[in-house]
Amino acid sequence: MTFSRKKHLDSHYISKHNQPYTKEYIKTYVKPFVCDVCGKPFRENYKLKLHYRVHTKEKPFVCHLLKKKPHDCNVCGKAFSKKSYLNDHYNTHTNDKPYACDTCGKAFSQTSYLREHYLTHTNERAFPCDVCTKIFKSKAYLQVHLRTHKNERPFACNMCDKAYTCKAYLTEHYRTHTNEKPFQCDLCEKSFSRKSNLNVHYRTHTGEKPYQCSVCLKSFSQPSQLICHNRLHTNEKPYHCDLCDKSFSRKGYLNSHSRTHTKEKPFACDVCGHTFSQKGHLNDHYVSHMDEKPFQCDLCGRSFLRKRQLNEHKRIHADEKPFPCDLCSKSFYRKYSMQKHRRTHASEQLQESEFCGKAYSTRSHLNDHLRIHTNDKPYVCDMCGFSFSRRYEFNRHYRTHTNERPYSCEVCGKAFAVKFTLSRHYLTHTNEKNYLCEVCGQTFAAKNYFQRHYRIHTNKRRYMCGVCGKSYSEKSTLKNHHRVHTDEKPFACDVCNESFAIKQSLVVHYRTHTNEKSQFKCDFCEKSFFYRSELKNHYVVHTKEKSYVCDICGKKFAYKKVLKTHYYSHTGLRPYVCSLCGKAFSQKCHLNRHFTIHTNPNKRDTLGVTLSQENT
């Protein structure tokens, strides 16, 4: 039997042959064209081809007369496909928020934002990820998240090689090239490139910290801060370096660490051109260009260059010590002080030198020590060629070329190149001397001064010359002594090219070119001095004052060094020892005079009698 139309044939099959009207029957006889993606059947092949475009998102037919987004914003020029989207967009310019939450009263500029906000009350997250355990409150967030598993980054920047999983991230990234900051705070006029950063910034005005740690109850203004904080309790370090075995709790720490391998320094100072591997180092460097200290304490009036320093200072007024040691009962104002203290416990002295067995609390300190054995000096000055084994030594040396003095005294304004020198200088204002010698009773302002003095009692001279065997208590003194053998004179005058073995000799020599006048003049005579200490010693000539008293016999002296020598008559100490014969003396001048016995035998008899009389 034949039919003029195919649908008549289909109806005939069902009515006359009593065929069941099932999907298999429809696929086989009625709808033979089946989609191999979703299984949907079609009668005609062209309908199947049209259906395929649902899966491929293909839209080959373009209208050249009508715009895809015909509704333009007359403020910023952005286009929208629907007028309702444009109306919602206008609210971002007028700061109008007509959509309010009926639970908490919070208002939003768009209905989509309100719908997402509602989920925070219901705690509803209906879109789970099939790969991991994460759940999302919208399908769009889930789709973006799935690209992280597939390693898909379809949105690439045409100005650099970076790519992103969603268009919003790319838009935010473009602002790093254009330096655009469209989100402005209406309280302090500070601008931001991201709206999320503006929202976080608002909390600095409101003091809001909605994210609380369930272990220690500490609160944070950002959820990311809470996540990183929780890792302190769990000791989790999910970010691993591919080049070494180090792990980190934050991705930013890993990125900073990676630059130690690549030697990359992407952060440049726009004032002097110096480059840095970390943004924090650049911020610290900017301080050297600043003339004022913007952060002031409202309790004592003291000013600081950094806000972090002000916050640490305020803890002194509040007597707040938020960093306790978990091994003992001590607490500290600063986290760094707590970490430094914690290493004093024996359980942390784990890093031992394979050469000498000396132990250190950190790997970095051990690496610095190992360079003493290997004589490795990786830090090379590009201006003079000098090399150093430690970075802080290189930084200190580099300031001799740049004349940079970033550490200034808050009392008198004097500036220093090294922070330790500033700390020691502060003691001249406070007249504080906390280090007491238990042998002779002398007090000292700095620990290194005390240690240097104490070697007089112990007769300890750790640094010996490998050429002549002469020993010294200070490493710097041995270094200067070595130049006697090598005839090295590294300190050259840039005016006349004359060289000197000691830096202080060069400083004195410079004055012959500059005609620098000594600025400290005596009120009694016409003499003048370059240093205040020299003037102070000179005043004794006029005043006949003897302010240094021996606390054992009561004898008075005009100069401190004479009292120091006098103390040896009570203690019997003779700190100056001849390296050739072992004879000891109470004064250095006696030792120098004794040396001529070895160098000039003709004077042996006369000097021997004199020195024996002086030491009785």
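Mentor: A salt bridge is a side-chain nitrogen of Lys or Arg within 4 Å of a carboxyl oxygen of Asp or Glu. Please keep in mind that this is a predicted model.

Trainee: What makes the meeting of K47 and E44 a salt bridge?

Mentor: The N to O distance between their side chains is 3.5 Å. The cut-off is 4 Å, therefore the pair qualifies.

Trainee: Why is K47 called partly exposed?

Mentor: The relative accessible area of K47 is 38%. Partly exposed lies between under 20% for buried and over 50% for exposed, so the term applies to K47. E44, at 32%, is therefore partly exposed by that rule.

Trainee: How many salt bridges does a search of the whole structure find?

Mentor: The search finds two. One of them joins E172 and R194, whose closest N and O atoms are 3.3 Å apart. This pair links distant parts of the chain, 22 residues apart: E172 belongs to helix α7, while R194 sits in the loop between β12 and α8.

Trainee: Why does K307 count as exposed?

Mentor: Its relative accessibility is 52%, and exposed means over 50%, so K307 passes the limit. K307 lies in helix α12 and belongs to a surface patch of positive charge together with K181, K190, K279 and K314.

Note on methods:
Residues numbered from 1 in each chain as written. Predicted model: local features only at pLDDT ≥ 70, side-chain atom pairs only at ≥ 80, totals over all residues. Heavy atoms only, no water. Patch = residues over 30% accessible without salt bridge, like charges linked within 9 Å, V, L, I, M, F, W, Y side chains within 5 Å. Areas by Shrake-Rupley, 256 points an atom, 1.4 Å probe, with all protein chains shown as cover. Lys, Arg positive; Asp, Glu negative; His and termini not counted. Charge placed at Lys NZ, Arg CZ, Asp CG, Glu CD. Helix = DSSP H or I, 4+ residues; strand = E, 2+ residues; numbered from the N terminus. Buried < 20%, exposed > 50% of the residue type's maximum accessible area, 1.4 Å probe, protein only.
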